[in-house]
Amino acid sequence: FRVGHKMIETDGIFDWETNGINNGFRYPHQIAIIDNDNEARLEIKNFRIPHYELPSPYALAATNMNWKKLKEGPSLYEKLPEILEILLDYDILWAYNSSYDTGVLTEALYACGHFPYLYKDKVVCDALPYISLASKLFPKILSIPKKEDGKLSHKLSDVFTKNFQKDDTIIWHQADGDVRATSRLLNKIKKEIPKFWEYRSRMFSKFARQDLFNNMSVWGRYYYPTQQISPMLPIYERDRDNYFSIDLSKYESSGGLSEKDKEKIINHSNDNNKKLPDWLHATYLKTPGIIFNPDWFDLTLDYSLPNGIEIQEIMDLINKYLPGPKIWPKKEINYLEEDFFGFPSNKDRLAWDSFHKCDSWDEKIQIKFKDQKSKRVAQRIIFDNAPETLDDQPYKVIIEFIKARWKNNNSKVPWVTISKAIEGINSLEKEGNLDIFDGYKDYLLSLNQEL
């Protein structure tokens, strides 16, 4: 819609329900997506987890979901195109505690053989710090509840209950309940604090942040657990997505640049596990946190700027000891599931396009990939959706691999093993969650005998 010259942007809120919480292994089995401007436009998609995964008893208990639900229905691979179509239809996407939901989305795209991020210009806003900052700046309109220990609780159910009458139609920890609650909170802001609403996507957009930092203007960093707003001065562009900023409050309270600070910078340059001075902030322009311009809300932050000589000295130290682009520490990757960085390899982009366009699994299996990672991801997709099309050899390899995973007795592994699942059921049955596990233990015990 156009109103005057302003585009009205559409907002969609999404929430996954997953099988566990470990990175790479938190397979989703449900997504709810709601239109923030029309609560009736709520779409829920259910799908099974991969055949080679076992339902997690703790995840089932948290969402009160029957274990069989996770084993039946279409696969994520089959459902993903419609999910993406709905998500990409919105201008702005939201999730409550978004780093979890965008992480699941990344892993889902990757597991299904897609580029693991949504299109570049899609902003995903985090409703949690956004609602929290609204309550900090406009306490008459919204408030964040305190727990018994005096700390704030940002749990969605607590925040909702504090600001609205009880609503028995909202069931917590079910995707549709969570998106409806988030939408009500956002709509309260939209109606009652329209100016704060107008700036919503700018608080999370990389492009708005680049503008703010190009002007080297003081920005507001919001730390929601304590509702602290810190005035930050950008002083050094490391690369397009990374800056160094001075936390002006910390800088002032520590008494400015000390010899000890200089040592810290030098030590960090030799070993990046060593801490930088408290006041020197490595700012990442793609952080899911809030970065805002205090002028948007006529907010006067209390700070004094270091003098030009000190700023120059800090910049010289950075130039000398911490120059150039940020070097990310190498992540220890143990499993294919978490290895989505750089996927798909350039030499396989076209092959993946063809793979997704093929109508039948018989055609898909003919597609040849060059990169080892692509080959493994494709094999798993085929195994999970059309195992009968695989040749005997690759089929046997995958079966052996799955058996070894299921029978693993190490409780530290990030996937659900037979022994972990049985233990989980036993301990949860004591608390009375019986119906959702009906028949699951027998299934696991017979599986154990088969193997």
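**Rings, helices and a few residues**

Analyst: Let's start with the rings: the structure holds 37 aromatic pairs. Keep in mind that this is a predicted model.

User: Okay, how are F160 and F164 arranged as a pair?
Analyst: F160 and F164 are stacked, at 4.8 Å centre to centre with 25 degrees between the planes. They count as stacked because planes under 30 degrees apart fall in that class.

User: And is F160 buried or exposed?
Analyst: F160 is buried, because its relative accessible area is 2% and the cut-off for buried is under 20%. F164 has 24% relative accessibility, so F164 counts as partly exposed.

User: What about Y199 and W296, how do they pair?
Analyst: Y199 and W296 are stacked too, with 4.8 Å centre to centre and 15 degrees between the planes. This pair links distant parts of the chain, as the two residues are 97 residues apart.

User: Where do Y199 and W296 sit?
Analyst: Y199 is in the loop between α7 (194-198) and α8 (206-214), and W296 is in the loop between β12 (290-292) and α11 (308-321). Both Y199 and W296 are buried.

User: Which residues do ring pairs link into a cluster?
Analyst: The cluster is made of Y77, Y110, F115, Y117, F340, F343, W352, F355, W361 and F369.

User: What lies over the face of F355?
Analyst: That's K364, at 5.2 Å from the ring centre of F355. F355 is also one of the residues in the cluster. Elsewhere, K326 lies over the face of W328, at 4.5 Å from the ring centre.

User: Switching topic: where is I314?
Analyst: I314 is in helix α11. I314 is buried, with a relative accessible area of 0%.

User: What is I314 in contact with, leaving aside its neighbours within four places in sequence?
Analyst: I314 is in contact with I235, I246, Y251, L257 and W279. As for K262, the C-alpha atoms of I314 and K262 are 8.6 Å apart in space, and the two residues are 52 residues apart in sequence.

User: Which residues make the contact?
Analyst: From α16 there are I418, A421, I422, I425, N426 and E429, and from α17 there are Y440, K441, L444, L445, L447 and N448.

User: And how do α14 and α15 cross?
Analyst: The axes of α14 (residues 372-385) and α15 (residues 392-407) come within 11 Å and cross at roughly 85 degrees. With that angle, α14 and α15 are therefore roughly perpendicular to each other. Where they meet, α14 brings Q379, R380 and F383, and α15 brings P394, Y395, I398, I399, F401, I402 and R405.

Terms used
Residues are numbered from 1 along each chain as its sequence is written. This is a predicted model: local features need pLDDT of at least 70, side-chain atom pairs count only at pLDDT 80 or more; totals for chains, interfaces and linings use all residues. Side-chain values use heavy atoms; hydrogens and water are left out. Rings of Phe, Tyr and Trp (its six-membered ring) pair if their centres lie within 6.5 Å; planes under 30 degrees apart count as stacked, over 60 as edge-to-face and the rest as tilted. Buried means under 20% relative accessible area, exposed over 50%, partly exposed in between (1.4 Å probe, protein chains only). Helices (H or I, at least four residues) and strands (E, at least two) are DSSP runs, numbered from the N terminus. A charge sits over a ring if NZ of Lys or CZ of Arg is within 6 Å of the ring centre and within 35 degrees of the ring normal. Contact means heavy atoms within 4.5 Å. Axes are lines fitted to C-alpha atoms, for helices over the stretch in contact, and angles run from 0 to 180 degrees between N-to-C directions. Angles under 35 degrees count as roughly parallel, over 145 as roughly antiparallel, 65 to 115 as roughly perpendicular and the rest as oblique.
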